[in-house]
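Open the structure in your viewer and keep the selection tool at hand. The stops below say what to select next and what is there.

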Amino acid sequence: MSTVNGPTLQPDPQAEQDELNRESQRPRGGAVSRWNTLSRPAQWGILLPVVILAYAAPALNLPILSTETGGGGGTNWNINLFQMSYYALIAVGLNVVVGYAGLLDLGYVAFFAVGSYVAAMFTSPDSPFFKIPYLWTLPLAMAVTMFFGVLLGVPTLRLRGDYLAIVTLGFGEIIRLLATIIPAVKGQVGFQNVGRPPGSIIGEDGVARPLFSASNGAPWYWLTITIIIVVLLLVGNLERSRVGRAWVAIREDEDAAEIMGVPVFKFKVWAFAIGAAVGGLTGALAGGQVGFVNNQSFTVQQSILFLAAVVLGGAGNKVGAIIGGALVAYIPNRFTAIADYKYLIFGVALVVLMIFRSGGILAARQKLLAFSRKAYSFLRQSPGSASDRQRSEVKR
Amino acid sequence: MLDLVLQAVPMDDSWINLDFTAFVQGFWSNTFGGLTYGAVYGLIALGYTLVYGVLNLINFAHSEVFISGVYAVVFTLTGLGFNGDAPNLALPALIGDILLALLAGMIASAVVAFLVERVAYRTLRRRNPPRLVYLITAIGVSFTIQYLFFLWRGAQPEPSVILLPTVPVFDIFGGLVYNFQIVIIVAAIVTMIAVDQFIRRSRTGRGIRAVAQDPDTATLMGVNRERIIVITFIIGGLVAGVGAIAWIMLVPQGAQYNGGFILGVKAFAAAVLGGIGNVRGALLGGLLIGLIGNYGQTLLGASEWSDVVAFVVLVVVLIVRPTGILGQSMGRSRA
């Protein structure tokens, strides 16, 4: 039995049969496969309105959607949108680690924290370092967190996957502790006036104010979704490339992948480093928007929320990750009555989802990914039982 | 370019200080303090090690199993009239009360461990999911229980409960050894020996070893796998209950909703250091983590360093010797 399988102690023919039944009962030609048969321009044609809608979201502050409870209460709609977008971005990053490569990272907030601190320490006047423009801290944050990702990944990724879970869980907490006890990173005092992108706007009173400010969420939101689109393009390309196929192979059966010649360790480190880089990028964005970075917001609970976002949307599915991330940020903002219970709710959601629908809202069907569209169109077109047999072979 | 790097890393002492004077002065008292903490880590580590040995699963919820025991101990002791002042009781009454609290802690932890196994892991096992699903469920269960405690008791720790009047018993090279330290270390060693002997000698223990070694063959040989798994969880819970009262003896204010979390990571580090799946390794690893953590925090000057040092030890062990000091041997040890 492969070590990648869960701790089940004996093969369960009933479960396998159930799996087969489920497989055969799945509606053929559902929305996902119809989507996959469309040509690339047609896909873009459908996506364009979605993207435009996303950019127009600050204007969509409808009463039923709004997170503002009136009388200045609640969360400002644009700030809420920014929070949704950065949760979505972080879910896309974590999805590379958890969803594609099947590595459980329970300390993702650490990378987020490192990214925030990079942005803060190189732009805030409170820090003794030399200063660089804020936008340059975004790639710098990615590079630094990538370094941390490799540093953490190299010793642990050689071992079985579950050690990574506990090491990252510890790492998430350690980064927070280090931020508290190392004098140079200023613990709870933190860094004020973190930099912001250039640009200013003339207010109604004729005074020029910075376009990107802590109270104005919309520019930050637009910046973040632009970054999300770029990251999605890059990640999507990776997913369809040799790297993506290697990740899926590792996730499905590490031993088999190794035997088939996939450099397992190398690709695991890559997944981990790329995930870390996106986490750092998001941290730099969030630190910039809030304008203040200290050690208080990088808790383990945040890591679990990020994980919940990925799992909720469907691990391994980048669209699902975006939806999951947006929901995890939106639900506590919209329904303030349950905001106090959000950790409990998402904790229970994790367990219930894992037990009853481990695929999440949008389950990934990536067993076919390795063959991508060619296999899809081939299987859909070739007639008769031969295609059924091939299909089942490919799926197994 | 080099100039920029030098500017980026200010070369003053604002990063890390090493305080060798404090380290040398407090060496012996640190040693005993570290061993005491280590004994508690060892008791918690045992639960991780047993479940890992049998199921190959990191039971993240074990830290909450432990903290349930801590709450039970605190509630029992508060009910018996203990508070933040040292108790003024006759010795037999004191021992009776402590045993009662110990029993409450053990039962609470065992019940929570049992429930976690029944509700989450057993349901999951029937579905034969990939390993990732188990780990996510485990962290979800841990998180859920943690926040149930948070909603019930709030963010503040429970008022402190002092079990024993602190009396120095003897000193070694100027380091005082206190009564509670001796009680905790002895309790940990006795518990460890009991569990070790149970697993080595009893029929159930043989079942546990068999399942750890080869679950399929064990099932074929007539071992009731599900029963063995439940028993393993319950033993882990009972030992965590012992750890709970030891923890309260050590840290009177130790009952907090997320108090188990970092302890859990350290205990897991201890289990890996000793060799995961190895009962004796759990105590050895715990004692070492306790010692290293205590030395580290004196040397570096803040109590949080103890956690950081333990984590670094975990990573170093994983690089240098992933099987731990004593090796992963639950299945292989002979009766």
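Helices (H or I, at least four residues) and strands (E, at least two) are DSSP runs, numbered from the N terminus. This is a predicted model, in which local features need pLDDT of at least 70 and side-chain atom pairs count only at pLDDT 80 or more, while totals for chains, interfaces and linings use all residues. Residues are numbered from 1 along each chain as its sequence is written, and chains are lettered from A and ligands numbered from 1 in the order in which they are written.

Select Leu132(B) to begin. Leu132(B) sits in helix H6 of chain B. It counts as buried because it has 23 C-beta neighbours inside 10 Å (buried: 20 or more other C-beta atoms within 10 Å of its own; exposed: 12 or fewer; partly exposed: in between; C-beta atoms are placed from the backbone). Apart from neighbours within four places in sequence, Leu132(B) is in contact with Gly102(A) and Leu104(A); contact here asks for C-beta atoms, placed from the backbone, within 7 Å.

Next, select the whole contact between the chains. Chain B puts in 54 residues and chain A 48 residues. On the side of chain B that touches chain A, H6(B) gives the most, with 15 residues. By class, that side of chain B has 37 nonpolar, nine polar and eight charged residues. Ala, Val, Leu, Ile, Met, Phe, Trp, Tyr, Cys and Pro count as nonpolar, Asp, Glu, Lys and Arg as charged, and the others, Gly among them, as polar.

Now show H5 (residues 91-125) and H6 (residues 131-153) of chain B together. Their axes come within 10 Å and cross at roughly 160 degrees, which makes H5(B) roughly antiparallel to H6(B). Axes are lines fitted to C-alpha atoms, for helices over the stretch in contact, and angles run from 0 to 180 degrees between N-to-C directions; under 35 degrees is roughly parallel, over 145 roughly antiparallel, 65 to 115 roughly perpendicular and the rest oblique. Val116(B), Ala120(B) and Leu124(B) of H5(B) meet Val133(B), Tyr134(B), Thr137(B) and Val141(B) of H6(B). Six of the contact residues are nonpolar, one is polar and none is charged.

Move on to strands S1 (residues 168-172) and S2 (residues 175-178) of chain B. They pair in the antiparallel sense over four bridges (pairing needs at least two bridges found by DSSP). The bridge partner of Ile172(B) in S2(B) is Gly175(B). The hairpin has two residues between the strands, and Phe173(B) takes a positive phi near 50 degrees there.

Methods. Contact = placed C-beta atoms within 7 Å.
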